[in-house]
Amino acid sequence: MKRGGGAENPYLVFQYTLEGSGVYELENYSWTLNSNDAFFAVIPSAHRYFFPEEEETWTYFWIVFHHPYLVRRVKKRVEMCGPVLTLEEEDPLSAKTIELIAGIINPSKADEFGFEGVLFDWLVGYERLAKHSVYPEAQRTQLLPKTRA
């Protein structure tokens, strides 16, 4: 079976933990994923995720993206910020993820560009969250006065 995901045509998996714990490994790094943790895997890559024997449950959902532009942008951001992030309930990306899932399950947009708009809104929400996790607001706002001093 041919699944794609070659170097010339990569795709992306976004997996979000609802409950329990699992492990995500990429190259020489390992992360324990708990509730509200998510990861991105660009396919192909040297990653694996698994359910540890000592855990009782790991409930998650995943979304697979084949949109080339989205894959390129997320891949670039993952290279800068890492593949794992935590989504708190109040994070705007949480609401955007729910909207994205709703659009997948029940496509009700008026035209062919409606869902793509939801998709790109989600992408920008992810990029914003990733950037702020690497460059917290407090650090960003203190940088300018330090530079001027």
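In which crossing, left-handed or right-handed, does H2 pass H3? The legends below take this up in turn.

This is a predicted model, where local features need pLDDT of at least 70, side-chain atom pairs count only at pLDDT 80 or more, and totals for chains, interfaces and linings use all residues. Residues are numbered from 1 along each chain as its sequence is written, and side-chain values use heavy atoms, with hydrogens and water left out.

**View 1. Helix H2 against helix H3.** H2 passes H3 in a left-handed crossing (left-handed if the near helix is turned anticlockwise from the far one by less than a right angle, right-handed if clockwise). Contact (heavy atoms within 4.5 Å) is made by residues including Leu-93, Leu-100 and Ile-104 of H2 and Phe-115, Trp-122 and Leu-129 of H3. By class, nine nonpolar, three polar and three charged residues take part (Ala, Val, Leu, Ile, Met, Phe, Trp, Tyr, Cys and Pro count as nonpolar, Asp, Glu, Lys and Arg as charged, and the others, Gly among them, as polar). Helix H2 (residues 92–105) and helix H3 (residues 114–134) pack at an angle of about 155°, their axes 9 Å apart. Axes are lines fitted to C-alpha atoms, for helices over the stretch in contact, and angles run from 0 to 180 degrees between N-to-C directions. H2 and H3 are therefore roughly antiparallel (angles over 145 degrees; under 35 is roughly parallel, 65 to 115 roughly perpendicular and the rest oblique).

**View 2. Helix H1 beside helix H3.** Helix H1 (residues 68–81) packs with H3 at an angle of about 10°, with axes 10 Å apart. The two are therefore roughly parallel to each other. Among the residues in contact are Tyr-69, Val-74 and Cys-81 of H1, with Phe-120, Leu-123 and Val-134 of H3. This contact has 13 nonpolar, no polar and four charged residues.

**View 3. The open sheet.** Three strands line up in the order E3-E2-E5, with antiparallel pairing. Helices (H or I, at least four residues) and strands (E, at least two) are DSSP runs, numbered from the N terminus, and two strands pair if DSSP finds at least two bridges between them. Strands E3 (29–33) and E5 (47–50) are the edges, each pairing on one side only. From one strand to the next, the twist averages 15°. Five bridges join strand E2 (residues 22–26) to E3.

**View 4. Glu-25 and its partners.** Glu-25 stands opposite Ser-30 in E3. The side chain of Glu-25 also meets that of Arg-48 in a salt bridge (2.7 Å, N to O), the term covering a side-chain nitrogen of Lys or Arg within 4 Å of a carboxyl oxygen of Asp or Glu. This pair links strand E2 to strand E5, 23 residues apart.
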